[in-house]
Amino acid sequence: MGRSLARSNQHFRRAVRRLPLGVSSNYRYWGDDRTLYLSRAQGARLWDLDDNEYIDYRLGYGPTILGYAHPEVDAAACEAMKVGGCSAISTEREIEVAERIAGMVPTAERIRFANSGAEAVNAALRIARAHTGRDAYVLVEGCFHGLFDSVLWRTETMADGRRKLVPDSSGVPRMLGELVHQVRLNDPEQLRKVFARSGHELAAFLIEPIQGNCGSISATPEYLETARKLCDRYEVALIVDEVKTGFRVARGGAQQLLNVRGDLSTFAKAVANGYPISVVAGREDVMRCIDDDGVPQGGTYAGHPVSLAAAAATLRILDETDALERIESYGRRLQAELGRVLETRGIPYVFVGHPSMAGLFLAEEMPRNLDDWERSDYALYNAMARHLNDLGILCEPDSFEPWFISAAHDEACLSETADKFERALDLALEERASQRASRVIVA
Ligand code: PMP
């Protein structure tokens, strides 16, 4: 029997009367009859309003790295409530967490806290502008940095083949586009050309080194090396957006994994196992721009005691235990299981990115950038993802989002996922076969 979403659907009909799309974030809307509402979550599993159980590979788009309702993290957060709340007075824990981060990420010489990834990246861009005295910046196609005007841009290919920068949302001032250069990932020649033409006007090169919002397509170490050299030569700030990769793909994040040094970097998701906190960090001389008469950084909720306590507990576990190694090992074993299912059906595939947040591409070759994603069999992936959701495996219903692994995913999760993956894939293949057959009959 299929899952029932009767209560979620009923709740949607009420919610949509007051909340646009019935949710608090556009990405949570999966259709009028498929949008889920959470009842509770524990470990690697969650339950919706209809009490359907799911093994979760979304983890809130990454944050829940230790699993839901983690006892040590939640106990630390509860204890911190005794501080009494939001006072707009700094607490001792800020430096404790900052010192931990500096120990894990060598480029984090100076650190400030904020609440969301978007806030941290916005601050990084402003700091880069203040440091360089320039306004323009380079974005990379397929990267996501949050819902704010400076980064909501994409490149569209027009009918005549020319590529054009367009806002990725209505309401974004078009004039901002004059400051934006957008380049293809892993195309060093194009990057060299942009720097040769405009390097002296650039404040920043902003990159998500593993595109956690585009199937985990990764920058090659060579590409990052080229970017680093160009940034050095033209005195442009390299901003590494580690909102998804930070404290996940390695203790020192993607900068450690891919051997790149950001002048500035941003962190959020895994920092506090889902409690709202983000980090902008960087070289001492760059971060010095945050000053009384320089860049103001902060906000009412920045450095909230509850989030800081959760961050201290989460980062201690990630730094001092084998949690990250276990996450990676689970990711590798999951890939082996799913790979076996795909191979026996002759479906070409590659796993992309780090095993703790891998994308699955139904294609022969490793994708190098967004253009390659378009050449994968994403229609089959999306059809399979719908069946996976119906069967109780929660991955994003489209192939852009990687599969996030937490330290709470265990053997039972692994075998159940492999089983259901096989069923979901077969259902998607049957659907495709019957669609093709009906097309032949019509023709
Ligand atoms: N940067 C990256 C790489 C992200 O993945 C995201 C969110 N998915 C953001 C920034 C924005 O973070 P937030 O949603 O907390 O604003």
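Does Tyr-27 count as buried, exposed or partly exposed? With a relative accessibility of 37%, Tyr-27 counts as partly exposed, because that class covers values between 20% and 50%. Please keep in mind that this is a predicted model.

Let us look at the aromatic pairs next. The count comes to eight aromatic pairs. In one of them, the ring centres of Tyr-27 and Phe-144 are 6.2 Å apart and the planes stand at 90°, so this pair is edge-to-face. The two residues belong to distant parts of the chain, 117 residues apart: Tyr-27 is in the loop between α1 (6-15) and β1 (38-42), while Phe-144 is in the loop between β5 (136-140) and β6 (153-157). Phe-144 has a relative accessible area of 30% and is partly exposed.

## Trp-373 and Phe-400

Here the geometry is stacked: the rings of Trp-373 and Phe-400 have centres 4.1 Å apart and planes at 25°, and the cut-off for stacking is under 30 degrees. This pair ties together parts that are 27 residues apart in sequence, because Trp-373 lies in helix α11 (residues 370-373) and Phe-400 in the loop between β17 (393-394) and β18 (403-404).

Trp-373 is buried, at 9% relative accessibility, whereas Phe-400 is partly exposed at 27%. Ring pairs also bring in Tyr-378, forming a cluster with Trp-373 and Phe-400.

## Charges over rings

Arginines meet aromatic rings here too. Arg-40 lies over the face of Trp-47, 4.5 Å from the ring centre. The charged end of Arg-58 sits over the Tyr-61 ring, at 4.7 Å from its centre.

Definitions and conventions:
Residues are numbered from 1 along each chain as its sequence is written. This is a predicted model: local features need pLDDT of at least 70, side-chain atom pairs count only at pLDDT 80 or more; totals for chains, interfaces and linings use all residues. Side-chain values use heavy atoms; hydrogens and water are left out. Rings of Phe, Tyr and Trp (its six-membered ring) pair if their centres lie within 6.5 Å; planes under 30 degrees apart count as stacked, over 60 as edge-to-face and the rest as tilted. Helices (H or I, at least four residues) and strands (E, at least two) are DSSP runs, numbered from the N terminus. Buried means under 20% relative accessible area, exposed over 50%, partly exposed in between (1.4 Å probe, protein chains only). A charge sits over a ring if NZ of Lys or CZ of Arg is within 6 Å of the ring centre and within 35 degrees of the ring normal.
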